[in-house]
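Work through the exercises below with the sequence and the 3D structure open. Try each task before reading its solution.

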Amino acid sequence: MAEKEPSALIPSMRLDELLAELQSRLEAVLATRDRVHALLEAVVSIGSDLDLEVVLRRIVETATTLVDATYGAMGVIGEENTLVQFVPVGLSEEEIARIEHWPHGLGLLGLLIKEPQTLRLTDISQHPESYGFPPGHPQMRGFLGVPVRVRGEVFGNLYLTEKRGGGQFDEDDEAIVVALATAAGVAIENARLYEETRRRETWLQASADITTRLLSGAEPREVLTSIARRAREMADADAVAILLPDRDRGLLRLAQQDAAPAGDGQPEIRLADEEVAVEGSLAGRAFVSGEPQAVDDPDDSRLHFAWAGDVPAGPVAAVPLGAAGAVRGVLTLARRCGRLPFSRSVLRMLDAFAGQAAVALELADARRDAERLGLLEDRDRIAKDLHDVVIQRLFAVAMTLMSAVRLVERPEASSRLQSAIDELDTTIRQIRSTIFALQSPREEAAPSLRAQIVDLIEGARGHLGFMPGVSLEGRLDNDVPDEIAEHLLAVLREALSNIVRHAKATRADVAVHAGGGRLTLVVEDNGTGIPAAETRRSGLRNLADRAERLGGSLTLTCPETGGTRLEWSVPLGA
């Protein structure tokens, strides 16, 4: 019996081995099932959001969880095969602050860009393409890189490093991440399509709003504000500036800007300088070429767009307002450092919006010119009616009264008729002055000399306690040079000030006449007059000096009826 015991143990040992192998395979199946479930949950998770930046971060976080990686990142590839955005996961804020700069897509990461295929390494530093890490970057060994494709094109690469527990990434990890990257491409495409649809809707609303505002007569500054705000929302930018040309100086001047509200500890972004040189600037290139321009590299964009304070600039775009050869300005947009660059589709949409806004601005200018032309035609018609009808009738009435004066025997009646004739003569002169004003168009931004005289007199009304009489004759707005106009206003200001301070008058009259090659200002009042000892005071000397400097004269008299009469007269040819 004892001789048969060893052979009886063999079936028992083989059974234990088979059971152990079966248990190992069951555990592998369970682990695989759990990882498949985790992968399915991850696919659902990354596809549940439509914000692209949120989707990218969620993809990286999900990948690190699935393969137990300590660090992960998504590198987004730009148009020139460089990394334009780096979305890291696993680094603390202190570690991020110590990193001098994010990878630019050289070395090993550049290899993945040039040859988009899965790369799994035990030690990064041993690969011949390894360039090392940027200063301040934590050291890493194990590496798993997988390209993320969207519609067959490589959108970016998913990088995973340092498997927890000191292990190495295996084939199962690679398979899981490759499957996740496939689902990530779908999620990214959905997010991009959603963003493009939302932007197109915003573009249509913005274009309709801008056109309606302009053609309904809204103020230009209000419209520029709306254009800046709409463009920022449409492009999901952090700041927008509208620059208009100063062609005489070769500059682009800030006309309007808009920035997203500061939040999460982020400072507000705004343009630091209100003037940008056309030569050598991103906005200048867009202005000269009439084509949208974009810069993805934050270091490069800082050369073209000045931010207030120490705010790092990110991607920048400049879009012309109008087509080449007829650019009205530049729409400049920027995002914070670390955000995605402006895509081609965004630039095309902004270009279309800016072009439509420029057309609307052009139409609004044409409408304002038409309204102005209509106003000038109305003014000219009124002036002709006043000259051809009203003045002629008044002149006929005055001639009739003058012929009737000789027939009136009573002195009182004759005096009254003569006074009426004088009043008609004064009225005719004032109407002629009004005709000159109607026939002298001016820009609203530059008040006419007549308007400045009236404003000055009305300003003295509160100090005088009454409104002085005003008579303005001749082509004041056309025939009086700016230099003489400035002297005239200064003299009138001093004369009215003297009446307020010294005259104790209850009535004053101001008459300005331009004609016969001379400009004459007469200011009369019924006050106490000027004592002989005060005729040399400094204020009056200044008035006389102004007249002599222009080749004219100052006359100061005290009429028999009382008060003071100041007459300041200069040649218009001075």
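**Exercise 1. Find the salt-bridge partner of Arg565, state the distance, and decide how accessible the two residues are.**

Step 1. Arg565 forms a salt bridge with Glu567, and their closest N and O atoms are 2.8 Å apart. A salt bridge here is a side-chain nitrogen of Lys or Arg within 4 Å of a carboxyl oxygen of Asp or Glu. Side chains of opposite charge can pair when their charged atoms come close.

Step 2. Arg565 has 26% relative accessibility and therefore counts as partly exposed. Glu567, at 26%, is also partly exposed. The classes are buried (under 20% relative accessible area), exposed (over 50%) and partly exposed in between, with a 1.4 Å probe and protein chains only.

Step 3. Glu524 joins Arg565 and Glu567 in a network of salt bridges.

Before going on, note that this is a predicted model: local features need pLDDT of at least 70 and side-chain atom pairs count only at pLDDT 80 or more, while totals for chains, interfaces and linings use all residues. Residues are numbered from 1 along each chain as its sequence is written, and side-chain values use heavy atoms, with hydrogens and water left out.

**Exercise 2. Give the strand order of the open sheet of 5 strands, and name its edge strands.**

Step 1. The order is β12-β13-β14-β16-β15, and the pairing is mixed. Strands (E, at least two residues) and helices (H or I, at least four) are DSSP runs, numbered from the N terminus. Two strands pair if DSSP finds at least two bridges between them.

Step 2. β12 (469-473) and β15 (553-557) are the edge strands, since each pairs on one side only.

Step 3. From one strand to the next, the twist averages 10 degrees. Axes are lines fitted to C-alpha atoms, for helices over the stretch in contact (heavy atoms within 4.5 Å). Angles run from 0 to 180 degrees between N-to-C directions.

**Exercise 3. Describe how β14 is paired, and say whether β14 is largely enclosed or open.**

Step 1. β13 and β14 run antiparallel and are joined by 8 bridges. Val512 stands opposite Leu521 in β14.

Step 2. The hairpin of β13 and β14 has 2 residues between the strands, and Gly516 takes a positive phi near 65 degrees there.

Step 3. β14 also pairs with β16, antiparallel, over 8 bridges. Val523 has Leu566 in β16 as its bridge partner.

Step 4. Of the 8 residues of β14, 6 are buried, so the strand is largely enclosed by the rest of the structure.

**Exercise 4. Which strands do helices α11 and α13 lie across?**

Step 1. Helix α11 (residues 449-464) lies across β12 and β13 (508-515), at about 170 degrees to β12.

Step 2. Helix α13 (residues 482-503) lies across β13, β14 (518-525) and β16, at about 10 degrees to β14.
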